[in-house]
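Open the structure in your viewer and keep the selection tool ready. The stops below say what to pick and what is there.

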Amino acid sequence: MPPYLLLRLAQVDDPRFAVAAEAARTSLLRDQPVREHRALLSTTARPPVHVAAGRLAGSVDRSIYDAGALTRLPGRRVRTEGTPELTDVAVNEAYDGLGQTQALFWTVFGRDSIDGSGLPLDATVHYGHEYDNAFWDGERMVFGDGDGQVFTRFTVSLSVIAHELTHGITEFTAGLAYEAQSGALNESLSDVFGCLVEQHARGQSAVDASWLIGEGLFTDQVQGLALRSLRAPGSAYNDDVLGTDPQPDHMSGFVDTEDDNGGVHLNSGIPNRAFYLTATALGGNAWERAGRIWFDTLTGGLLHRHTDFAGFARATLTSAAARYGTGSAEWTAVQSSWNRVGVDSAAGGNIAA
Amino acid sequence: MKVIVSRSGGTAGIRLTWEVRVDEQVDALNWADFLGSLPWNDVTDSEPLPDRYLYRIRCAPHEVVLAEPEVNGPWRDLIDRVQAANGRM
C-alpha cells in the first residue's frame, strides 16, 4: 500500500476501522527505514557515508582537531576515540559532547551517528582568532574560542555541540533548505535536539529543564542567560550591546527579513515553542514522546527541502498519529501546541507525498 | 559617504552593525580609493550554510551580500577596517 494511504488510514478515528488503522500504524513504523531510504533518494539529502566493515553498530568514533587559532580546517588531530583526557578543556568538552549527543540519538532513537551508518564524528576547536561562533561545515563541527568579552568558548555548552551535530543529521535526512521557513525549521530541529541531548545527559524531565540553548556561553559582562529559550522565545538576553533577544514565539510576530537567510535564527522561535508546549503538556522526559514524534518527523520521509511551518506541523501530526494514534494524548498535545503558536496544521503547507 | 557592514546569522543569530563615515576619517582619501577598488560587481549568490555568518555591505550606490566563506581578500580587509573603526566586536 502506498505510504500516503497508510498515513491516511493510520489517522482514521472510526471504531469500525480501528483494527485497520492500528495495522497501518504498525506498518508505517515497521517500514520506516525503507521509507526513509526512499525519501533520501527523492530529496537532496546526502546519502550515507560508508564506514569500516566490522564496526559495532552504535559505537562512536570521535576525532578532535585543534585549528590553533587559524581558519584552516581540519587542523591538527589531538585526540581520538578512547584516548585519555588532555589538559585542553575545549578538546575534552568537544569529545564528551559528541559522545553525549551520540548517546541520545543511538540509545533513544536508534540513529547511528549523523548519516545513520556510523559516520565518524569529527570536530575542530580553537578555530580562528577570538571567533564568536560554531558551525557544521558539511563534514565536521567547528568551534571558536569566543572573544572573551561577550562570548566564552563555544564548547562550554552541550546544547550548542548537539545543535551543530543535528545540522548534520538534518542534512542527511530531510535536507531542509537553510533559508526562510524551511531554514527556520532546520534551526529549530537543531535547538530541539540540542535541548534534548542536554536534558538526557543531565537526567532532567521536561518540567525541570532550562530549555535554554547556549547557557554559560555569555561572559558575565553580558545581560543574558543564553542564546535562545524554547520556553520563552525572546527572553534569553537583554543587553546594551547585543540588544534584546529578537525571537518571536507566535506567528503574529513572524519576522520578515533578508538578513540571516530570511531570519532562520529568529523565526525558529515559533516551532521551538511548539515543541516546548508539546513536551511540557505530555510531561516526563521530553525525549521520550515529544522527542520521538519530532525525530520521526525529521527522519520519516515526510519532509522535503522547502517544507514550511504548516507542512511541518502537519508532518508532526502524521508522525504522532502513526506512533500513538489519532486523538491520542500525544496527537492532541501536538495539535494544541501548533494552534497556540498560530501555525495552522490544517493549512495547505507543503509536505512530501 | 558611509560604509555600513551588518553581520547576521552565526549560531547565536545576533545581528550586529558597524558604520564608518568616510569623510570624517583622517585618511578619507585612502578610504575612498580602497572602496573604489572593491569588486562590487563580481559578487555572486551562494548556498546558505548552517550557522555561518552572512555579511551585508552597503556603500551607496553599492550593496553586496557575502556568505562567510566568501569573505576573503579585500572584503576581509574592508570588514576588519570598519570593525576596527567601531571598537568592540
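**Start with chain A**

Keep in mind throughout that this is a predicted model. Now consider contacts in chain A with a separation of 6 or more. Of these, 60% join residues 24 or more positions apart.

**Aromatic pairs**

Show the side chains of Phe, Tyr and Trp. How many aromatic pairs does a search of the whole structure find? Over all chains, there are 22. Zoom in on A:Phe105 and A:Phe193. This pair is tilted, with 5.4 Å centre to centre and 40° between the planes. Next, highlight helix 4 (residues 89-107) and helix 6 (residues 180-202) of chain A. A:Phe105 lies in helix 4 and A:Phe193 in helix 6, so the pair ties together parts that are 88 residues apart in sequence.

Move on to A:Phe218 and A:Tyr237. A:Phe218 lies in the loop between strand 6 (212-213) and strand 7 (228-229) of chain A, while A:Tyr237 lies in the loop between strand 7 and strand 8 (238-239), so the pair ties together parts that are 19 residues apart in sequence. A:Phe218 and A:Tyr237 are both buried.

**An aromatic cluster**

Select A:Trp211, A:Phe275, A:Tyr276, A:Trp294, A:Phe312 and A:Trp338 together. They form one aromatic cluster.

**Charges over rings**

Pick A:Arg62 and A:Tyr95. The arginine lies over the face of A:Tyr95, at 3.7 Å from the ring centre. Then switch to chain B and pick B:Arg81 with B:Trp31. Here the charged end of B:Arg81 sits over the ring of B:Trp31, 4.6 Å from its centre.

**The largest pocket**

Finish with a surface view. Select A:His129, A:Glu130, A:Tyr131, B:Tyr55 and B:Arg76. Of the 26 residues lining the largest pocket, these lie nearest its centre. The space in this pocket is about 670 Å³. Now highlight strand 3 (53-59) and helix 2 (73-86) of chain B. Each supplies at least two residues of the lining. Which element gives the largest share of the lining? That is helix 2 of chain B, with four residues. Colour the lining by class to see nine nonpolar, eight polar and nine charged residues.

Note on methods:
Residues numbered from 1 in each chain as written. Chains lettered and ligands numbered in written order. Predicted model: local features only at pLDDT ≥ 70, side-chain atom pairs only at ≥ 80, totals over all residues. Heavy atoms only, no water. Phe/Tyr/Trp six-rings, centres within 6.5 Å; stacked < 30°, edge-to-face > 60°. Buried < 20%, exposed > 50% of the residue type's maximum accessible area, 1.4 Å probe, protein only. Lys NZ or Arg CZ within 6 Å of the ring centre and 35° of its normal. 1 Å grid on protein atoms, 1.4 Å probe; cavity = no way out; pocket = protein on both sides within 12 Å on 5 of 7 lines; lining within 4 Å. Points joined across faces, edges and corners; volume = space filled by probe spheres on them. Nonpolar A, V, L, I, M, F, W, Y, C, P; charged D, E, K, R; others polar. Contact = heavy atoms within 4.5 Å.
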